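Here is a note for someone opening this entry for the first time. Please read the points with the structure in view.

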Amino acid sequence: MSKPKIGVFSFASCEGCQLQLLNYEDDLLDLLGRIDIVNFREAIDEKSNEYTIALVEGSIATESDAEEVREIRENADFLVTIGACAVTTGLNGMRNATTAQDAWKRVYPDREFDENVASQVRRVSEVVQVDFEIPGCPIDRRELLYVITCLLHGQVPRLPTSPVCDECRRAGNPCLLDRGIWCFGSITRSGCGAICPTYGESCCGCRGLLPGAPIEELIEILGKKGMPRDEVIVRLNQFASRDEQVKALTEELRRRRQEVAV
Amino acid sequence: MKKLEVDVHHLTRVEGHGNIKVRVSDGKIEDLRLEIVESPRFFESMLVGRYIDEVPHITARICGICALGHTTAAVRAAENALGWTPPEEVMMLRRLLLDGETIQSHILHVYFLAAPDFFNVGSVIPLATSHPEVVKRALRLKKLGNHTCEILAGRKIHPVSMAVGGFTHWPTKSQFLQVKEMLLQSREDLDETVKLFATLEPPALESPTEYIALRSDSDRYEFVEGRVVSSSGDSVSEEEYLDLITEKTVAHSSARHASTERGCYAVGALARYKINHDRLSPWAAKGAKAMGLTPDAVNPFHNNTAQIVESMQCVEEGLEMVEKLLDVDQPPVYAPLEKKAGVGTAAVEVPRGILFHHYETDDRGVITKANCIIPTGQNQANIEMDLHRFVGNMVKGGKSEDEVRHACEMLVRAYDPCISCSAHFLEVELV
């Protein structure tokens, strides 16, 4: 049986998610025995359009990105987005708070605007049909390996849909909220093993918010801990700026405080 | 060879999207460009309006390979803005983590990205069959770097516990011991690495330039703090970086790149080695000697050699730090810093060279201005100058189009460019 062919592609991102593939130090040689990587600019010279699975990282930030991802969709039987940038726009979504022209002027005042820059940063699923999404910033290596394994065996992968709090409790961590530290674990999809709270850091929602996440309840709790409503909304915008609930809250905040650049 | 054309679209085995274009006619270079065609991300714009404590987590996402370096620069710049000086233990842990990142990044580059050229293959994948011992050694060394960061800071890509004001999690003694064990085991693999690379002859190219790196008042081969020192003799403090380096628009191009008043300059492993070679540990100095690296080196391909020497230096520094950290009885307690108005700059040596972060905050600790000057952005003009010299030599030597293309790719790769980083704010075209 011939090995399944995989292409790895990257758009606006830090390329950290595709780097996770090279970070399988113990399993890399075994993995390479089971799959054929035929397109992976960061690591190999070969550039083939013959692949069944496309792993796509990054947000769609330019018109040429959109064109390219449409071609990848044409070529691939199965398109998997990897990482927050591709799945939810991740941090890149913060750019949408200003117009593309204003963002351009701010970082590059002396250069003419490049028309290729898209007016809005989009997630991949806003441009093409996506078959499976692996969230996170960065993606979890074990999760990627699990998804690849499922695909090799013709099985449908399933990722957790519970909040980060579940994994955090199982890890035996003291609750950050109880210690007076803000945390978005209660409204964020799990699967990361609650790595941030385990290392004493607040969950900032990188895996995306749960559908119908109880944001207002969390805002109330955080208010009692001393974090004002506006600050919660600003921080939610770090990773969840494209979430419908967060968009509505941000609009409300904008109306109230024109000067806050979220 | 009177006429040739090289058009490399999306150069492989580098981080990010770049093109090389060369046109030679009548034996003269008519056009030579290194194009950076990465999607622009506008980080400096996104940072305005954010809270200063968010800076390490946001700027880590500029780059997956050197996330920890960005994080280190971000926390130090933010702390400078808020007027806080970290205790020595915090600096030691930051040094140890940066040692880990530098090892993993250098090993990834020399073995996975650059070495295939010396074996005449297109990637590391065929080497897994033809030279399994080499690939397994590379994987062990890379794992050492990654695991150091994962054990101590939660993650290598986008470290978790490195915060403005210290560490939100202080590693346990057993975590430090695990790292110590891995560092000790790596010595043999690095000795073998030196032996292998001592046999690989880099292409010849004499391309002298100005070199810039950090150098501190201590006797340390410096990565984390110190003065910004140039091979020209200039030396400024980190907050005076703009006295030495200016970013400007170049004629016939809308690209902004960094230069000194003397012109283009190089940063990275070779620049650091040239500025700090007198401070290498005896073992790393021995490695340099075995591979024929000397302080007067002006061949940019020696950047790969310097990366191996630095990997050895980082193992030595890492072991020194881990011993000191094992002796810390009272770990520093983390507390968020009070937010206030301020201005802060930090310069940190990340794998590809000196990195500057600069932030200004208002009295709520909200960022009003941000600036990041990235190693690959600083190297771009220098890479182009090297390409000119290199292509000029090859045209005189009658090399074929294929040979020129392959050599140009190797030269750009030798700098280990990090294009996502360099295009963190805009699309750059170098003409």
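**Notes on the model**

1. Start in chain B. His158(B) sits in the loop between helix H6 (132–153) and strand S4 (162–163) of chain B. Helices (H or I, at least four residues) and strands (E, at least two) are DSSP runs, numbered from the N terminus. The phi angle of His158(B) is near 65 degrees, a positive value in a residue other than glycine. His158(B) counts as buried, with 26 C-beta neighbours inside 10 Å. A residue is buried if 20 or more other C-beta atoms lie within 10 Å of its own, exposed if 12 or fewer, and partly exposed in between, with C-beta atoms placed from the backbone.

2. A word on conventions. This is a predicted model: local features need pLDDT of at least 70, side-chain atom pairs count only at pLDDT 80 or more, and totals for chains, interfaces and linings use all residues. Residues are numbered from 1 along each chain as its sequence is written, while chains are lettered from A and ligands numbered from 1 in the order in which they are written.

3. Asp416(B) is found in the loop between helix H13 (401–414) and helix H14 (419–422) of chain B. Asp416(B) is buried, with 28 other C-beta atoms within 10 Å.

4. Is Asp217(B) buried or exposed? Asp217(B) is exposed, because 9 other C-beta atoms lie within 10 Å. Its place is in the loop between strand S6 (210–215) and strand S7 (227–230) of chain B. Asp217(B) and Arg227(B) are 10 residues apart along the chain, and their C-alpha atoms are separated by 8.1 Å.

5. Now chain A. An open sheet of 5 strands has the order S2-S1-S3-S5-S7 (chain A), with parallel pairing. Two strands pair if DSSP finds at least two bridges between them. Strand S2 (36–40) and strand S7 (132–134) of chain A stand at the edges; each has a single partner strand, so one side of each is left without a neighbour in the sheet. On average, neighbouring strands of this sheet are turned by 20 degrees against each other, direction ignored.

6. Follow strand S5 (residues 78–82) of chain A. 3 bridges join S5(A) to S7(A), and the two run parallel. Thr81(A) stands opposite Glu133(A) in S7(A). S3(A) and S5(A) pair in the parallel sense over 5 bridges. Leu55(A) has Val80(A) in S5(A) as its bridge partner. 4 of the 5 residues of S5(A) are buried, so S5(A) is largely enclosed by the rest of the structure.

7. Helix H3 (residues 63–75) of chain A touches strand S1 (5–10), strand S3 (53–57) and S5 of chain A, and its direction makes about 160 degrees with that of S3(A). Helix H6 (residues 141–152) of chain A lies across S3, S5 and S7 of chain A, running at about 160 degrees to S7(A). Axes are lines fitted to C-alpha atoms, for helices over the stretch in contact, and angles run from 0 to 180 degrees between N-to-C directions.

8. Check one peptide bond. Cys137(A) and Pro138(A) are joined by a cis peptide bond, with omega about 0 degrees. Pro138(A) is in the loop between S7 and H6 of chain A.

9. Chain A is assigned domain 1 (5–152) and domain 2 (164–256); such bounds come from an automatic or database domain assignment. Their centres, taken over C-alpha atoms, are separated by 25 Å. 15 residues of domain 1 of chain A are in contact with 11 residues of domain 2 of chain A. Contact means that the C-beta atoms of two residues, placed from the backbone, lie within 7 Å.

10. How many residues does each chain bring to the contact between the chains? Chain A gives 51 residues and chain B gives 52 residues. H1(A) supplies the largest share of the side of chain A that touches chain B, 4 residues.
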